[in-house]
Amino acid sequence: MHVLIHLLVAVVHLVHCQIAELNRVIYQGISADPVVKILNAQGEAGSTVNKTSVGILYKVNNNEELAKYNSIDLKDQFTLVMPISLLNMESLQRIKGNGKTVGILLITNLNKPDSYSNGAKIPNLNHGLYAKDSNPHIWNPNGNELLGIDLGIPVFEIADLNSTDSVTSQTLHQALEFNHNGDHKQYPLYAMEFQGFMYSIKDTTTCLRRSLCKPIGEKSVWSTFSNKLDKADTKPIIILATKIDANALVHERAFGASSKTGMVLMLAVANALSQLSQKPDTFGKHIMFTFFGAESWSFAGSQRFVEDITSEYKCKETSESPTLACSIRGAACSLPCFQRDDFKNINFNAIETIIEFDTIGFLNTEVSSNPNYFAHVDQVNEANNIIISSFQKTMGIAKGFNGTADLRLNLTSAFTSDINRKLPPSSLMSFLAKRQIPSVLISDYQTSFSNKYYETSLDDGKFWSNAHISALCGLADSTIKTLFTLATGNTPPIELQANCTLVHDLLDCVTRNYSCPIMKSLLPNTTYSPLASSYSNVFKFEGPPNLSAFLINKLMTNYTGFERGSSCVKDSDCKSPSTCVAQICVNSMTRYHDAYGTGLSFNYAKLQWEVQDSSKGTWTESDWDITQIRIFKYESPGVQTIQLIIGIAVTLISIVIIIGWQKVFTRLKQD
């Protein structure tokens, strides 16, 4: 009997090895990223793979070929391969309605269309200031609204076939060409298999109750040169604000290059102020820099920040060690969980001015010789006009960068004498929902987004030039001078100006190469992919922060630092609240702040997330298995039937043989 057992084990092992070898030979993996399921209190969006789906590969290149695919009579199931710009609400309904498509593989266009956006026509409308307006202005007329719906079909995205890795490119090219030559009817044909189960169902309330999803969120960053803040302090506060996240159908490809221009400008402003002989903390007004994460998700970052600084805060429990509810070591408060709670010292009523920067880089267009920026306001009044006028006085010639021509910068009111379109979707709305504050949003557009690829993977920042640096640096220079005047009441010194080389290096880092010298100085032994996603990811109290937030936090700590200590390698080498920046312990009033929907709360007793207000931001991401797609040769249904019959026959014969051998061994043992 022992011999029989060993024989069976050997056979099973051999079969397992053969199966693994067959899988390697038969299946060829493809590197692609999925559209995942997301949910809020009202329902679900995105796509899902509830079971393994298999479809013969069929590629279309334009609308004419897509129309032909939808109309022709094909007997089998298909995976449609097409440029991302062909996917819109109308084409999606036709693809799903043809009854033969089991999945879609999108290819990022190498040659970009004139415009393409998967975002809403008025992003975050229901969570902004104008949700109840009868006729709110449309800021994103190109938006096809796909980000907000349940796609109802597995969708993956791959980089352009001419620019992706050679294995994926060659494999997919050969498979598509083989199928095309066979007119998609001559078997065998290449098929694609989708795998990746999404667990969540229905809505955020349901999936959180079943622990099948997690809040979408990240870390915002706020920073000030003032090393001491006090709730009772009546010293006026000037806030600079920008968003640092982005969104796209495929989260791993939410590059959001255009949304990073405000971040670059504000870092350049902080750097210039840090060079002054007069320390900014001595100005007559506090200057606070706010970089909000998760703004794509119902303004989660700014709304959470405003809610926290305006609500009564009470720390109920502290612990040096991590707890079940708060896994942060050395947290300032364990219940509720906050790594640092200095936000409690910000006096919301002392906020005197807010200046927000939206897209300001003209990244998806050529820069003219007279770049025009626009100032948007909620209300046309004297206080807001003073801010605009202060900027206009500092506008002028922007010196050319690295040999480019000088530019003449202008700032114009986005509103006219008879039309005010009010604010575009912005972090400002979170503040103004609490009280009216003099505030202006500055952008590179007047009536509609200049970002022609808003909330798509096409917003990749590949085509900016030194002329864009000149314009962005010129606006940073104007901002520095305006800020100095607003904060001190004095004329800015001549030496106060933006470092255009820094502007270039920062923009290059966050849009083209995160393994840049700046990042290397902060994390010397780490390498990042050139294009990092700006998707917020799922929220965790303990982090880690996204790359943008990490970079901002370290640079702002360096720029606003008021105490420098011993050398270090990592943050834990420094005494809290100091952190390690470029191998030196630096103390600064620079803090991360949680950014997740204000409609969500963490139940510390149950250790579970819950929906506390379904009318506010409640976005979550479904839990999901590891996703993959792979290609294999697919036989005709008739051949598959024969293969199945042969397989069953072989199995039955094997069983008979094993039973026969078992009887033989039994007799031998008895003899």
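1. Two strands are taken to pair if DSSP finds at least two bridges between them. Helices (H or I, at least four residues) and strands (E, at least two) are DSSP runs, numbered from the N terminus. On these terms, eight strands make up an open sheet of mixed pairing, in the order E1-E29-E9-E5-E6-E7-E8-E2. Strand E1 (28-30) and strand E2 (33-34) lie at the edges with a single partner strand each, so one side of each has no neighbour in the sheet.

2. The model is predicted: local features need pLDDT of at least 70 and side-chain atom pairs count only at pLDDT 80 or more, while totals for chains, interfaces and linings use all residues. Residues are numbered from 1 along each chain as its sequence is written, and side-chain values use heavy atoms, with hydrogens and water left out.

3. Within the sheet, strand E6 (residues 78-83) and strand E7 (residues 101-107) run parallel and are joined by six bridges. Thr-79 stands opposite Gly-103 of E7.

4. Helix H7 (residues 300-310) is largely enclosed by the rest of the structure, because 10 of its 11 residues are buried (under 20% relative accessible area, 1.4 Å probe, protein chains only). Among the buried residues are Arg-304, Glu-307 and Asp-308.

5. His-376 is located in strand E17 (residues 372-376) and counts as buried, at 1% relative accessibility. Leaving aside residues up to four places away in sequence, the residues that His-376 touches include Trp-139, Lys-422 and Tyr-445. The side chains of His-376 and Ser-443 form a polar contact of 2.8 Å (a pair of N or O atoms within 3.5 Å; within protein, one must be able to donate a hydrogen and the other to accept it, and residues adjacent in sequence count only if both atoms are side-chain atoms).

6. The largest pocket has a volume of about 850 Å³. Of its 32 lining residues, Arg-329, Gln-339, Asp-571, Thr-579 and Tyr-592 are the closest to its centre. A pocket here is an open set of points on a 1 Å grid over the protein atoms alone, where a 1.4 Å probe fits, with protein on both sides within 12 Å along at least five of seven lines; lining residues have an atom within 4 Å of a point. The volume is the space filled by probe spheres set on the points.

7. Helix H13 (547-560) and strand E25 (589-596) each supply at least two residues of this pocket's lining, and H13 gives the most, with five.

How values were computed: Buried means under 20% relative accessible area, exposed over 50%, partly exposed in between (1.4 Å probe, protein chains only). Contact means heavy atoms within 4.5 Å.
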